[in-house]
Amino acid sequence: MIEPDDADSRSYSERVIVLAPTARDSEVTRRLLAEARIEGVACKGWRHADELMHEGAGALMVTDSAFVDPGFAVLLNVLERQPSWSNLPVLALCRHGMQAAGLREARLRNLTVLDRPTSTRVMISAVRTALRGRRWQYQIRDQIESLQRAERSLRQADQRKDEFLATLAHELRNPLAPIRTGLQLLGANPPQDSAHARSVTEMMNRQMNQLLRLIDDLLEVSRISTGKLILQREPLDMRRVVEVALESCQPLIERGGHHLSVSLPDEELCVDGDLTRLAQSLSNLLNNAAKYTPDGGSIWLTLSRAGGNAVLTVRDSGVGLPEGMTDRVFDMFAQVNRSLERAQGGLGIGLALVKSLVSLHGGRVSAASPGPGLGSTFTLELPLLAADSAPAPLPAAAEPEAARPARILVVDDNDDAAQSLAMLLSLSGHQVEVENSGQAALRKAASFLPQAVFCDVGMPGMGGHEFATLLRQDARFASTLLVALTGWGSEEDKKRSRAAGFDAHLTKPASVDAVTALLAQL
């Protein structure tokens with residue numbers, strides 16, 4: 001009756017425990033139950049009945065002689081200690097019905113009294129009714145356990161959410177602090193030393209890139225969880241993935257003074273994959289190794305073939321993983337050591353993102369560690385393509401052309417954002433005008449006749465999409481380069497921009513290279 005917490009050990013038993021005055025009576029009752037396809041078990045005494053009830057039972061059948069036996073206290077004790085969902089049916093065969101000696105004193109909660117003797121038909125009917133009730137109890141138990149599991153999951157999710165928000169605030173403040181300091185330095189000391197100014201701006205740029213990586217990871221998780229992430233698959237040599245990932249990770253590895261050893265095969269290992277997403281996955285693994293390996297430690301990156309799979313292995317000499325954490329480390333917001341996480345930075349979503357992206361490619365990722373302080377190994381496996389599906393050689397990258405001076409209209413309700421972009425464009429020789437609303441921008445366009453327009457989407461009043469649609473209705477702007485510049489960057493957002501008449505969609509903050517490349521089309 002007292003069941004273990006382990007769900008795999010739960011009892012759904014419908015056997016009837018028979019406790020009769022004699023072994024012969026028990027056996028006769030068991031045979032009658034068997035003929036009705038009901039499992040019955042004859043007891044050999046009170047202790048045996050106690051053991052059987054703990055293992056699981058659908059009902060208990062006794063006679064009136066049991067109520068006056070001192071040993072019956074054993075069973076009463078078991079019945080009184082039942083879980084809240086359980087109310088084991090007791091069927092009592094009594095010569096004097098409810099007047100049987102000791103029956104009322106027993107105070108049984110789920111009691112059915114049958115005449116003794118009784119017909120087989122009546123007994124079997126009563127047993128079946130009792131077992132139907134017992135099945136309802138099992139269903140109630142399962143529902144209670146399901147609700148309890150859901151409650152525990154919600155509490156854990158709520159706790160992780162609180163931890164995540166606290167970590168997010170911490171991680172966003174980290175890069176903002178040096179950016180603010182850099183701005184104050186430039187404001188208090190106008191740049192006379194070009195080397196000093198370059199050092200400050202490079203620092204600010206590194207911290208801004210860190211902010212953008214945090215935001216990009218959050219967006220990726222959101223896209224995956226809502227099924228909106230679309231992979232741009234192509235036949236892809238995994239050596240190219242390693243090359244791209246190393247480009248983004250090299251600064252972090254160098255700052256830690258880590259020794260990086262890279263082992264690549266001479267042969268192509270081609271997969272059907274998205275270069276950006278796979279490089280992002282490997283980059284996250286390498287960044288993870290760099291963050292949790294003490295300065296001067298070692299990181300080993302190996303690409304090899306194992307059967308029909310391409311296998312990437314990232315091994316480090318870092319802090320390692322405690323026992324039981326090798327699977328949980330891929331959970332969303334998982335933190336191996338919270339104090340260490342705060343020291344090293346991170347939202348606890350990087351490895352979860354790796355697992356999701358690799359799974360979308362039909363692969364898998366795993367972690368292993370001998371223990372704390374002994375380093376970790378992360379292994380990423382992807383199915384190889386057939387030999388005749390090798391990627392074509394990549395064309396040589398073309399140098400971006402310098403944009404010719406042009407008339408450009410910048411539209412953004414955030415005046416700081418608009419003015420800073422205008423200043424950047426002016427440095428390249430462009431003639432720039434700024435407006436802070438869609439209505440004002442339409443009026444300005446009519447007189448200024450811009451060759452390119454950079455427009456925010458989420459403006460109050462007339463939004464960017466409405467502005468673009470109205471501008472395109474004027475034949476003078478049919479060939480104007482119209483660029484959406486916004487914080488919204490999903491595929492759905494890009495489709496809406498194209499439908500409204502935009503030629504391109506850039507997410508804020510847009511890089512100088514991206515802006516220059518678009519203007520070079522003029």
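Partly exposed describes a residue with a relative accessible area between the buried limit, under 20%, and the exposed limit, over 50%. The legends below use this term for a predicted model.

View 1. Most residues other than glycine have a negative phi. The relative accessibility of Leu-449 is 35%, so this residue counts as partly exposed, falling between the limits of 20% and 50%.

**View 2. Arg-37 in the loop between helix H1 and strand S2.** The loop shown runs between helix H1 (23–35) and strand S2 (40–42), and Arg-37 is located in it. Arg-37 is not a glycine, yet has a positive phi of about 60 degrees. With a relative accessibility of 81%, Arg-37 counts as exposed, because the cut-off for that class is over 50%.

**View 3. The cis peptide bond between Arg-116 and Pro-117.** Omega is about 5 degrees for the bond that joins Arg-116 and Pro-117, which is cis. Most peptide bonds are trans. Pro-117 belongs to the loop between strand S5 (111–115) and helix H5 (120–188).

**View 4. An open sheet of 5 strands.** The strand order is S14-S13-S15-S16-S17, and the pairing is parallel. Strand S14 (431–435) and strand S17 (504–507) form the edges; each has a single partner strand, so one side of each lacks a neighbour in the sheet. From one strand to the next, the twist averages 20 degrees.

**View 5. The pairing of S15 with S16.** Strand S16 (residues 481–486) and S15 pair in the parallel sense, over 4 bridges. Strands of a sheet pair through backbone hydrogen bonds. Among the residues shown is Cys-455, whose bridge partner in S16 is Ala-484.

**View 6. Helix H11 across the sheet strands.** Helix H11 (residues 415–427) lies across strand S13 (407–411), S14, S15 and S16. Relative to S14, helix H11 runs at about 175 degrees.

**View 7. The whole protein chain, for context.** The chain contains 15 helices and 17 strands. Of its 522 residues, 43% are buried. Among contacts with a separation of 6 or more, 70% are between residues 24 or more positions apart. The accessible surface of the chain is about 28100 Å², and carbon and sulfur atoms account for 51% of that surface.

How values were computed. Residues are numbered from 1 along each chain as its sequence is written. This is a predicted model: local features need pLDDT of at least 70, side-chain atom pairs count only at pLDDT 80 or more; totals for chains, interfaces and linings use all residues. Side-chain values use heavy atoms; hydrogens and water are left out. Helices (H or I, at least four residues) and strands (E, at least two) are DSSP runs, numbered from the N terminus. Buried means under 20% relative accessible area, exposed over 50%, partly exposed in between (1.4 Å probe, protein chains only). Two strands pair if DSSP finds at least two bridges between them. Axes are lines fitted to C-alpha atoms, for helices over the stretch in contact, and angles run from 0 to 180 degrees between N-to-C directions. Contact means heavy atoms within 4.5 Å. Accessible areas come from the Shrake-Rupley method with a 1.4 Å probe; for residues, only the protein chains shown count as cover.
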